[in-house]
Amino acid sequence: MNSQSQRGKSLFIRKRREAFKQYIDTKRLKLTKQRSIIFEEFFSYPGYHVTAEELYERVKRRCPKIGYATVYRTLKLFKECNLAFERNFGEGKIRYEPVRFEGEHHDHLICIGCGRIEEFENEQVEYHAKEVARERGFEVTNHKVELYGYCSTCRERTQKR
Ligand SMILES: [Zn+2]
Ligand SMILES: [Zn+2]
């Protein structure tokens with residue numbers, strides 16, 4: 001990683017940490033060592049869609065005393081204060097990902113072959129979704145586009161067979 005993206009990353013984490021601290025203050029909670037570790041682990045990987053179990057496994061390596069329930073509840077706190085997106089890609093488990101900045105929006109391609117999750121942003125998609133809603137007199141407050149299928153790697157694999 002070059003120094004500029006390193007700096008960008010630490011600024012990103014610092015801003016998130018301030019926002020999180022403010023939020024848990026209002027909830028009369030404390031930024032405990034365990035919550036800080038969970039925070040660090042979670043926000044070190046923007047663009048990564050993690051389940052509570054996966055994050056728990058990662059955090060446990062740094063802090064073996066941490067319980068799954070703490071990780072789970074802390075993720076819920078991130079979600080509540082809009083620092084994390086909660087995603088349900090129909091796998092029977094919830095995934096979380098860090099919100100990179102206020103008002104961030106992106107959509108997903110989900111491979112049902114290997115489970116790979118890719119992100120995309122497309123102005124046309126956004127525009128047409130709004131148009132569809134407008135034509136029906138529908139006011140959109142939120143939307144998500146999830147495309148399911150097979151990624152290029154999985155497609156290559158089946159074609160070779
Ligand atoms: Zn795949
Ligand atoms: Zn995403």
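Colleague: What share of contacts in the protein between residues at least 6 apart in sequence joins residues at least 24 apart?
Modeller: This is a predicted model, where local features need pLDDT of at least 70, side-chain atom pairs count only at pLDDT 80 or more, and totals for chains, interfaces and linings use all residues. Two residues are in contact if their C-beta atoms, placed from the backbone, lie within 7 Å. Counting pairs at least 6 apart, the share joining residues at least 24 apart is 50%.

Colleague: How many of the 161 residues count as buried, in percent?
Modeller: Buried means 20 or more other C-beta atoms within 10 Å of the residue's own, with C-beta atoms placed from the backbone. Of the 161 residues, the buried part is 14%.

Colleague: In what order do the three strands of the open sheet lie?
Modeller: Strands are DSSP runs (E, at least two residues), numbered from the N terminus. Residues are numbered from 1 along each chain as its sequence is written, chains are lettered from A and ligands numbered from 1 in the order written. Strands pair if DSSP finds at least two bridges between them. The pairing in this sheet is mixed, and the order is E5-E4-E6.

Colleague: Why is one side of E5 and of E6 left without a neighbour in the sheet?
Modeller: Strand E5 covers 117-120 and strand E6 covers 146-149.

Colleague: Which residue in E5 stands opposite His 108?
Modeller: Strand E4 spans residues 107-111. E4 and E5 pair in the antiparallel sense over four bridges. Opposite His 108 stands Glu 119.

Notes
A residue is buried if 20 or more other C-beta atoms lie within 10 Å of its own, exposed if 12 or fewer, and partly exposed in between; C-beta atoms are placed from the backbone.
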